[in-house]
Amino acid sequence: MAALTSLTQLASGNPVYENYYRQVDPGNTGRVGPTEAALFLKKSGLPDITLGKIWDLADPDGKGFLDKQGFYVALRLVACAQNGQDVSLSSLSLTVPPPKFMDTSSPSLSATSSTSDSHWAVRPEEKGKFDGIFESLAPVNGLLSGEKVKPVLINSKLPLDVLGRVWDLSDIDKDGHLDKDEFAVVTFLADTPIVP
Ligand SMILES: [Ca+2]
């Protein structure tokens with residue numbers, strides 16, 4: 001596909017895309033698992049329905065994970081959606097600014113710290129732990145209310161205003177409840193030093 005070829009050429013020389021890729025695949029394994037990819041793409045602030053469409057285009061064979069090119073396609077489509085363009089393969093040839101994600105550290109900072117660029121990635125074993133905590137809080141229909149999550153956040157000993165920010169970043173669809181992935185984000189962020 002011509003569009004995809006030009007995309008690869010374009011993205012592979014783009015430090016912003018490279019930097020995002022390093023965050024989701026710090027070991028450079030050539031594949032991004034569905035959890036890592038979903039958590040990262042959710043930080044774009046786009047609605048789930050748009051992200052689902054992006055995923056289908058980025059993983060056209062239904063592999064269930066994204067390879068490097070697939071991830072670049074996803075990033076490109078996020079950028080298109082954020083700039084008011086259609087989410088479709090034909091949009092890939094458009095020139096749009098790089099996609100924005102809510103809490104990725106600045107490219108210049110991560111580019112120089114090769115040992116800590118997995119900073120924002122939730123490792124699989126951590127995700128398992130977070131899922132365990134999630135289930136232990138007795139979610140209703142797969143969702144935890146703010147009341148149920150509060151004690152976990154208070155335990156993190158972060159100042160209340162920072163916790164408020166953590167909540168805002170994590171409740172991606174702003175429904176006042178956390179699903180399993182959002183909860184993983186909140187727990188992860190509350191565990192991680194944050195610069196407010
Ligand atoms: Ca939510």
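A residue counts as buried if 20 or more other C-beta atoms lie within 10 Å of its own. In this predicted model, buried residues make up 30% of the 196 residues in the protein.

Start with the overall layout. The protein has ten helices and four strands. Read from the N terminus, the order is α-α-β-α-α-β-α-α-α-β-α-α-β-α.

T50 has 16 other C-beta atoms within 10 Å, so it is partly exposed. Set aside the neighbours within four places in sequence, and T50 is in contact with A81 and V87. D86 lies 36 residues from T50 along the chain, and the two C-alpha atoms are separated by 9.9 Å.

Move on to a helix pair, α9 and α10. Two packed helices are described by the angle between their axes and the distance between the axes. Helix α9 spans residues 160-170 and helix α10 spans residues 180-191; their axes are 9 Å apart, at an angle of about 150°. Angles over 145 degrees count as roughly antiparallel, and therefore α9 is roughly antiparallel to α10. The crossing of α9 past α10 is right-handed.

Which residues in α9 and α10 meet? From α9 come V166, W167, L169 and S170. Across from them, α10 supplies E182, V185, V186, L189 and A190. By class, this contact has seven nonpolar residues, one polar and one charged.

Notes:
Residues numbered from 1 in each chain as written. Predicted model: local features only at pLDDT ≥ 70, side-chain atom pairs only at ≥ 80, totals over all residues. Helix = DSSP H or I, 4+ residues; strand = E, 2+ residues; numbered from the N terminus. Buried ≥ 20, exposed ≤ 12 C-beta atoms within 10 Å, placed from the backbone. Contact = placed C-beta atoms within 7 Å. Axes fitted to C-alpha atoms, helices over the stretch in contact; angles between N-to-C directions. Parallel < 35°, antiparallel > 145°, perpendicular 65-115°, else oblique. Left-handed = near helix turned anticlockwise from the far one by under 90°. Nonpolar A, V, L, I, M, F, W, Y, C, P; charged D, E, K, R; others polar.
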